[in-house]
Amino acid sequence: MIKYICKRLVYLALTLWVIVTATFFLMKKLPGSPFDSERFNMMSAQQQQAILEQYGLNESVPRQYVKYMGNILHGDFGTSFTYTGQKVSTVIGGRIGPSALIGLQAVLIGLAVGLTLGIIAAWRHNSGIDYFTMIVAVLGVSVPNFVAAALLQYYVALKWGILPVGFWTDWKCSVLPSIALSFSATAMIARFIRTEMLEVLEQDYIVTAKAKGLSPMKVLMRHAVRNSIIPVVTILGPIVVNLLTGSLAVENIYTIPGIGSLFVDSIKANDYSTIMGITIFYSAFYIFVVLIVDIAYSLIDPRIRLAAGKEG
């Protein structure tokens, strides 16, 4: 098992290196400059050279890459071009809170609603609730989260005045963004758990449990649900990452000072250091969650645990 985890760590480290390298060189191809062109052109040649040296842009791109990778190994992600004098890690750290809150709430909503709808739909197969769940699933997958966000903002906030339109003043401001983000997660989980449960309900041990006289609720909770939820772990990892990091448009719609809006602003301003810092954060977080899901699934499913044990 230990050797299996070590091998996964090596693969994930190589994946992160490829992502960082590709992003660095692609970013250097972006048109424009991180500096205000009008003000920069008004400076003397000496002043321009001093600024380029300050940010390490006076050297060749390969040398910049080598120096940047060395700094990363020491935990230094550089200084932001937009937030003058501030370290990228400090800028990102100040924006994690709002993104984490709406992402975590979206995960909880998606799990609660998705599991409930999927279980009921499978248990009442070909009934009204089953058809309703499939409609919700199709809409959730088809409608982008920024469209859902705009509709919720217009009806729930503007027209009905139930919740705030946007901004970030208190907890209520996080409710609509979380609901908008949870649509796709709810749909995916509901469809997945429904499909798994329909397959489990046809297994021989379910028939045996019913023949022993167990109540329908005990058969459902003890046997059907327990064995259907295990495969959900495989999709839960990507869902968590997408919700915690995939709120770029939603954060801009609701004017939330999170990582998503910071990423969009950094791209607009060609803030190379911040773009790289956020990309590394997103990638490392995704890779970490994938590793946790792999380990959790190997512990839950004895077949995978046995295979990992043979590898180790």
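**Close-up views of a predicted helical model**

At 38% relative accessibility, Lys87 counts as partly exposed. This residue opens the first of several close-up views of a predicted model. The protein chain has 312 residues, of which buried ones make up 39%. Its secondary structure comes to 16 helices and 0 strands. The C-alpha trace spans about 90 × 60 × 30 Å along the principal axes.

**View A. Lys87 pairs with Asp76 in a salt bridge.** The closest N and O atoms of Asp76 and Lys87 are 3.5 Å apart. Both residues lie in the loop between α4 (61-73) and α5 (88-93), so the pair ties together parts that are 11 residues apart in sequence. Asp76 is partly exposed, with a relative accessible area of 26%, and Lys87 is partly exposed at 38%. A search of the whole structure finds 3 salt bridges, and the other views of charged pairs follow below.

**View B. Glu59 and Lys67 form a salt bridge.** Between these two side chains the closest N and O atoms are 3.1 Å apart. Lys67 has a relative accessible area of 42% and is partly exposed.

**View C. Asp130 and Arg194 form a salt bridge between two helices.** Here the closest N and O atoms are 2.6 Å apart. Asp130 belongs to helix α7 (residues 128-142) and Arg194 to helix α9 (residues 175-200), so the pair ties together parts that are 64 residues apart in sequence. Asp130 counts as buried, at 1% relative accessibility. Arg194 also counts as buried, at 14%. Side chains of opposite charge can pair when their charged atoms come close.

**View D. The largest pocket is lined by 22 residues.** Its volume is about 420 Å³. Tyr55, Tyr68, Asn71, Gly78 and Ser273 are the lining residues that lie nearest the centre of the pocket. The elements that give two or more residues to the lining are α1 (2-27), α4 and α15 (272-300). Helix α4 provides the largest share, 4 residues. By residue type, the lining divides into 9 nonpolar, 8 polar and 5 charged residues.

View E. Trp160 counts as exposed, at 54% relative accessibility, because exposed means over 50% relative accessible area.

**View F. Helix α14 (residues 259-269) has buried residues and is followed by Asn270.** The buried residues of the helix are Ile259, Gly260, Ser261, Leu262, Phe263 and Ser266. An α-helix has 3.6 residues a turn, so residues three or four places apart point the same way. Asn270, which follows α14, has a positive phi, near 55°.

Definitions and conventions:
Residues numbered from 1 in each chain as written. Predicted model: local features only at pLDDT ≥ 70, side-chain atom pairs only at ≥ 80, totals over all residues. Heavy atoms only, no water. Salt bridge = Lys/Arg side-chain N within 4 Å of Asp/Glu carboxyl O. Buried < 20%, exposed > 50% of the residue type's maximum accessible area, 1.4 Å probe, protein only. 1 Å grid on protein atoms, 1.4 Å probe; cavity = no way out; pocket = protein on both sides within 12 Å on 5 of 7 lines; lining within 4 Å. Points joined across faces, edges and corners; volume = space filled by probe spheres on them. Nonpolar A, V, L, I, M, F, W, Y, C, P; charged D, E, K, R; others polar.
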